[in-house]
Amino acid sequence: MNREEKSQLLSELNELFSNSEVIVVSHYKGLTVKEVSELRDRIRTAGAGFRVTKNRITRLALNGTKFEGLADLFTGPTAIAFANDPISACKACVEFAKENEKLIVVGGAMGTGVISIDEIKKLASIPSMDELRAKIIGLLQAPGAQLARLAKAYSEKEAA
């Protein structure tokens with residue numbers, strides 16, 4: 001990788017950190033190309049992004065961003081999941097790590113603060129926005145549906 005490519009990668013990562021609300025850092029040692037592709041697909045499906053990083057360049061890209069506190073996590077084979085929705089990246093990484101012990105979530109950051117592995121797991125257990133919307137719609141429709149069932153039952157009883 002020449003100096004120009006490094007400079008371009010540095011600016012891309014810096015922009016990525018500036019535009020993301022959450023970063024999940026993980027080590028992927030031992031994952032096959034197929035497994036990394038599957039992880040990348042799952043993360044994209046969840047509405048987040050995934051990138052294998054070069055540690056030295058990533059540490060430089062973190063300077064001046066709200067995620068500067070993550071610099072110590074970038075050792076060994078490191079990858080990041082990033083998103084504007086704090087739940088999607090955490091959920092995708094934690095679920096994949098449960099199925100494949102080769103992916104190890106080492107930490108992350110949300111907003112301006114560093115978050116621990118336990119906090120990432122708590123975020124991953126929160127239902128997604130789509131699930132929450134579905135629950136709210138179900139709660140709003142339940143009284144009307146119940147009233148319709150009662151009216152139908154009453155009219156059938158009167159007809160008999």
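Within helix H2 (residues 33–45), glutamate 38 and arginine 42 are 4 residues apart and thus separated by about one helical turn, helices being DSSP runs of H or I with at least four residues and strands DSSP runs of E with at least two, both numbered from the N terminus. The two side chains form a salt bridge with the closest N and O atoms 2.9 Å apart, the term denoting a side-chain nitrogen of Lys or Arg within 4 Å of a carboxyl oxygen of Asp or Glu. Glutamate 38 is partly exposed at 34% relative accessibility, as is arginine 42 at 27%, where buried means under 20% relative accessible area, exposed over 50% and partly exposed in between (1.4 Å probe, protein chains only).

The model is predicted, with local features requiring pLDDT of at least 70 and side-chain atom pairs counted only at pLDDT 80 or more, whereas totals for chains, interfaces and linings use all residues. Residues are numbered from 1 along each chain as its sequence is written, and side-chain values use heavy atoms, with hydrogens and water left out.

By the salt-bridge rule, the count comes to 5. One of these joins the side chains of glutamate 12 and arginine 51 at 3.1 Å, N to O; because glutamate 12 lies in helix H1 (residues 3–19) and arginine 51 in strand S2 (residues 49–52), the pair ties together parts that are 39 residues apart in sequence.

A salt bridge also connects lysine 66 and glutamate 21 (3.4 Å, N to O). Lysine 66 lies in the loop between helix H3 (55–62) and strand S3 (78–83) and glutamate 21 in the loop between H1 and strand S1 (22–27), so this pair ties together parts 45 residues apart in sequence.
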